[in-house]
Amino acid sequence: MTGFNLSQILHYQDLFLSGVLMTALLSCIVMFFGSIIGILGAVGVRWGPRPVQYALRAYVEVIRNTPGLIQLFIVFFVLPSFELRLPPFHAAAIAFSIYFGAYAIEIIRAGLDSIPRSQIEAGQCLGITRWEVFRHVICMPALRNIYPAFTSQIVLLVLGTSIASQISAEELFYMGSFVESRTYRSFEVYTFVCAIYLVMVLILKTVFAAGGRILFRWPAHD
Amino acid sequence: MRAFSGSDLIYLLYALQWTVALVVIALAMGAPLGLALALMRTSRRRLPRYIAMVFIEVVQGVPLLGLLVFFYFGVPLLAGREVAPVIAVSIAFTAYSASFLGQIWRGGIEAVKGTQWDAAACLGITKWQQFRYVIGPQAFRMSLPPTVGLLVQLIKGTSLVSIVGFVELTRAGQIISAATFQPLLVYSCVAVIYFSVCLPLTHWARALEGRLNGAA
Amino acid sequence: MALLEIANVRKSFGSLEVLKGVSLTVEPGEIIAIVGRSGSGKSTLLRCINALEGINSGEIRFRGEPVRQNMKNLRLLRQRMGIVFQSFNLFPHLKVERNVTLAPVLTGKVSKADARELALEVLTRVGLSEKIDAFPGQLSGGQQQRVAIARCLAMSPELMLFDEATSALDPELVGEVLRVIEDMARNDLTMILVTHEMNFARNVSTRLIFMNEGMVWEQGPPAELFANPKTEEFASFIRATKQA
Ligand SMILES: Nc1ncnc2c1ncn2[C@@H]1O[C@H](COP(=O)(O)OP(=O)(O)OP(=O)(O)O)[C@@H](O)[C@H]1O
Ligand SMILES: [Mg+2]
């Protein structure tokens, strides 16, 4: 044991940097597609026909009650059997989008439910269209209500993308294990990787807090 | 190569006990630490509040996977000798569950109205007794649903232990999958097992929540 | 032509029949006060008039045009009636100006450029022009309710409905809202007011309606009605409100 030594690891800074970028890219892709799933799904759960509602609820329950790692394995090993051989990064993006989408549905649905009926009725009574009621009356207050849960889900997502390393998608954690295999400085490598994640999360949280202050300027509790 | 058979299923269910064991350890050791964190976080003094906050932010700011390998490689270094993986893994999960429990229970404590503290203080009992008999029970009731929710999160989290070679449910799945070349079937079985453990807990959490909202 | 004709309207929630054949005609310029015990169906009647609730049978006509929940131009119809709720229902995320001008702008009644002027005009009528840039959450209950009234006025409605506009207010804030409504009454706006303020009902309305058990039980000029209740139900209702 030769004490904590980072110098060897820092030779690989380019690898770590590309890992960070891939983690960020993966998170952004998943956020995008997962949010689309979340929005459409929440609309479907709330206003869709019965069979659609049941299907969506089953989807949400299955995803939320099984580990993401297993979902990742299933997506990664199922796609080839449909003659679809995707690179690990793509498989991870798909699996995580499905995962994030299920949580997004729950969060957005709760946000829609949090708007009192009286607000919607007040909008209707003004003689504006249903879309206008949604756009101008429901949307922003609902966004404010889901903002804390949604942003912490994004933080969990960024951290969760690390399991993509288990199918060799080249994101940050994978880069860590690669450098470990070259340097054998396991503890230093992973401490360093954890520190990078921590910094990313702190930056994200700061941005979200600032975003919340800018977006939601009206006083809370009517 | 061989086909997936009934004995594989039994092997999976057998491995489930390690999943359960890890969760029990994480809760048993995480709960006292989590309570301490919650009390520190709501303390009137700044230092304990600050320490608890940093602990929670750091543990929740790194991936669970990172936490696992950090302790897996870190604990032997610290101890200066080989340490059974189960110990390192337990420490990681303890820290993980404690940070979340600390956060959840802090929320519960803060949700109890200030007037309850005042009322308790008027009884002329110690600060700890005020918590033990007046605030704590109310806070516990309010934080029970998210606590059960955390249980589900922990169960799912234990799947990551497979990466350090610990044979719990997911690792057992990987082993069988490698032997049978039937990953889809094997992982589906694994998913079904996780699902049937987690779903009742999720529903319980939801029922508790509903009861709480109904009562409020 | 009558502004509003309500003919034999029935409305049930499940097995509970709330409106049991309500008939009522409102001429332009009338100020109708509706009083009655809690649960007698007053709010339900107002909600049926602008089709927030559908009716089971009977008919509601506004300027001769039948009001139905699934009608195509329900929106156009709602633009011509305003309703003020007990709980204000302002939009918390919009400033007062936007609350007031949202509907006029979206429906093309006023251009975006002229919106502020319109807001100032109607807010002046309710005495709140200085709050034009506040959020609802920064106003008192009485002020919020006056903004809600201004929000209706901005659409220049032909009929105004008030559902216990002052019931959620602290006693010292009731006066300011009633004064605004009185002022509107003087300006020949047709109004239907559900209220628990008996004196206000007596002084402001041109016709008083006592609802009981889901029906129009008694109606007429307020002074007359209060002086000689024709039914025992109304008499005991008056006694009960006097005690309170
Ligand atoms: N959406 C609904 N579903 C079921 N029952 C309802 C609904 N709305 C109203 N009711 C019932 O209809 C009856 C009449 O209600 P309504 O609100 O019209 O009375 P009200 O005369 O306005 O009373 P109050 O003076 O208390 O406001 C009540 O018994 C109420 O419980
Ligand atoms: Mg009512």
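Predicted model: local features only at pLDDT ≥ 70, side-chain atom pairs only at ≥ 80, totals over all residues.
**View 1. A hairpin in chain C.** Start with two strands of chain C, β1 (residues 4-13) and β2 (residues 16-26), which run antiparallel and are joined by eight bridges. To pick out one pairing, find Glu5(C): its bridge partner in β2(C) is Thr25(C). Then look at the turn of the hairpin, where two residues lie between β1(C) and β2(C). Here Gly14(C) takes a positive phi near 60°.

**View 2. Where chain A meets chain B.** In this view, 30 residues of chain A are in contact with 28 residues of chain B. On the chain A side, the elements that give two or more residues are α3 (50-64), α4 (68-78), α7 (130-160) and α9 (186-215). Which element of chain A gives the largest share of this side? Look for α9(A), which supplies ten residues. Sorted by class, the chain A side holds 20 nonpolar, eight polar and two charged residues.

**View 3. Where chain C meets chain A.** Now turn to another contact, in which 21 residues of chain C touch 18 residues of chain A. Two or more residues of the chain C side come from each of α2 (74-79) and α3 (96-106) of chain C. The largest share belongs to α2(C), with four residues.

Technical notes
Residues numbered from 1 in each chain as written. Chains lettered and ligands numbered in written order. Pairing = 2+ DSSP bridges. Contact = placed C-beta atoms within 7 Å. Nonpolar A, V, L, I, M, F, W, Y, C, P; charged D, E, K, R; others polar.
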